[in-house]
Amino acid sequence: MIGLMEDNSSWTALSVDHVRISAFNFGIVSEPNDEGKEFPLSLDVVVPDDILERIFTFLPIVSMIRSTAVCKRWYGIIYSSRFLWTHMLPQRPWYFMFTSNENAAGYAYDPILRKWYDLELPCINKSSCFVSSSCGLVCFMDNDNRNAISVSNPITKYCKRILDPPGENFPDYSTIAIMVDRASHSYTITLAKSKQVPEDYVQWDFSLYKYDSCSSSWVTAVEEVFIGWRGGDDSVICDGVLYCLIHSTGVLGNVDSRHSIIMYDVVAGPSKESLMQSSIPVPCSLTCGRLVNLREKLVMVGGIAKHNRPDIIKGIGIWELSNKQWQEVGRMPHKFFQGFGEFDDVFASSGTDDLVYIQSYGATALLAFDMKQKQWKWSAKCPVSKRFPLQLFTGFCFEPRLDITA
């Protein structure tokens, strides 16, 4: 089923076949023969493939999905044409929202048409998972079994379970990130694990593993021991560099700086200095942080902590990292901050291109921030309803594509 929300107050469930039904009426031209008679001729016959490709580049992704059901020729052009996907108009990232208390079924939001679509995720049957996305592919890691990692395309439903990673089977903290090569469609996955050294409150083992889709194998990239710091559950790859958010354990008295960022060059490999030596402090005291890749630049969405109350959130800010210096891009206006109702210490946030999504774990309201226009805007109302007070919601964004598989 695919649900389409036609306005802010109602939505209608439509079958997949309904969505894929051709909305195109072929025009008829007349071609005289030798006897003066005319035979109807479909425009599709006279339009060459390269012209069709250029026409398809102007369509939103939903219209392209419908177009694949018109005929085999259109299906083949849309799924196989490299020109189409490299020259098409930018597709704004979709946001997939689901409840954390049930399975992984939920709704995907299209910001161009401002509609929600009923969508079931392939590969996973639980909502408790770690997620990372890049160039149309989404990587999932099961929270209960962190050796279970899958890569899928949510639009085509194609899914692949990759080889189990090495290292600790039951780490205290884990985070994954995926990087897709837009030319070859090969991808790299990084998995960071952190576990407290037994009977030691100061030291934490930190290990980083790297998966290459071309060789279908894992390698151990980094093994270090952090003192007074531990790994977390948020990371992202930007322009070939992995950024991980780490947390202070407070045992060394470093309570003023509760978070920091460590970096690892996924392409060049490890450097001579340790990860902690090149770490970057966050711009201010934060309750939590989310790392986002926007046009291969690192952007952080952070919950700004109250003075002398580092566990209480008073606002949300957005910063961009440039030459290891943070530049504030925007701060959520108070009216939007209040619009979430009771805002928890943590929230979901992700983005692609120039769009950042922010969602409270305790509500279905979805707010978008446009980095170029510096504008905040609510999405259309999500059809998900909150059925009990402690029900939680989460989500992630991905780039809708038909041409890429795992």
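Figure 1. Ser260 stands opposite Pro281 in E20. The model shown is predicted, and its local features need pLDDT of at least 70, side-chain atom pairs count only at pLDDT 80 or more, and totals for chains, interfaces and linings use all residues. Residues are numbered from 1 along each chain as its sequence is written, and side-chain values use heavy atoms, with hydrogens and water left out. E19 and strand E20 (residues 280-281) pair in the antiparallel sense over 2 bridges; two strands pair if DSSP finds at least two bridges between them. Helices (H or I, at least four residues) and strands (E, at least two) are DSSP runs, numbered from the N terminus.

**Figure 2. Strand E19 and its pairing with strand E18.** Buried means under 20% relative accessible area, exposed over 50%, and partly exposed in between (1.4 Å probe, protein chains only). Strand E18 (residues 241-248) is joined to E19 by 7 bridges, and the two run antiparallel.

**Figure 3. The open sheet of strands E21 to E24.** An open sheet is formed by 4 strands in the order E21-E22-E23-E24, with antiparallel pairing. Its edge strands, E21 (286-294) and E24 (325-331), each pair on one side only. From one strand to the next, the twist averages 35 degrees; axes are lines fitted to C-alpha atoms, for helices over the stretch in contact, and angles run from 0 to 180 degrees between N-to-C directions. Strand E23 (residues 309-322) pairs with E24 in the antiparallel sense over 6 bridges. Within this pairing, Ile318 has Gly330 in E24 as its bridge partner.

Figure 4. The structure holds 16 aromatic pairs. Rings of Phe, Tyr and Trp (its six-membered ring) pair if their centres lie within 6.5 Å; planes under 30 degrees apart count as stacked, over 60 as edge-to-face and the rest as tilted. The ring centres of Tyr173 and Trp204 are 5.9 Å apart and their planes stand at 45 degrees, so this pair is tilted. Because Tyr173 lies in strand E12 (residues 173-180) and Trp204 in strand E14 (residues 203-212), the pair ties together parts that are 31 residues apart in sequence. Tyr173 counts as partly exposed at 28% relative accessibility, whereas Trp204, at 8%, counts as buried. Arg230 lies over the face of Tyr173, at 3.8 Å from the ring centre. A charge sits over a ring if NZ of Lys or CZ of Arg is within 6 Å of the ring centre and within 35 degrees of the ring normal.

**Figure 5. Further aromatic residues.** Tyr211 and Trp218 form a tilted aromatic pair, 5.3 Å centre to centre with 55 degrees between the planes. Both Tyr211 and Trp218 are buried. One aromatic cluster is formed by Trp94, Phe96, Phe98, Tyr117, Phe140, Phe396 and Phe398. The charged end of Arg290 sits over the ring of Phe347, 5.9 Å from its centre.

**Figure 6. The protein as the setting of these views.** The secondary structure of the protein comes to 7 helices and 29 strands. Of its 406 residues, 52% count as buried.
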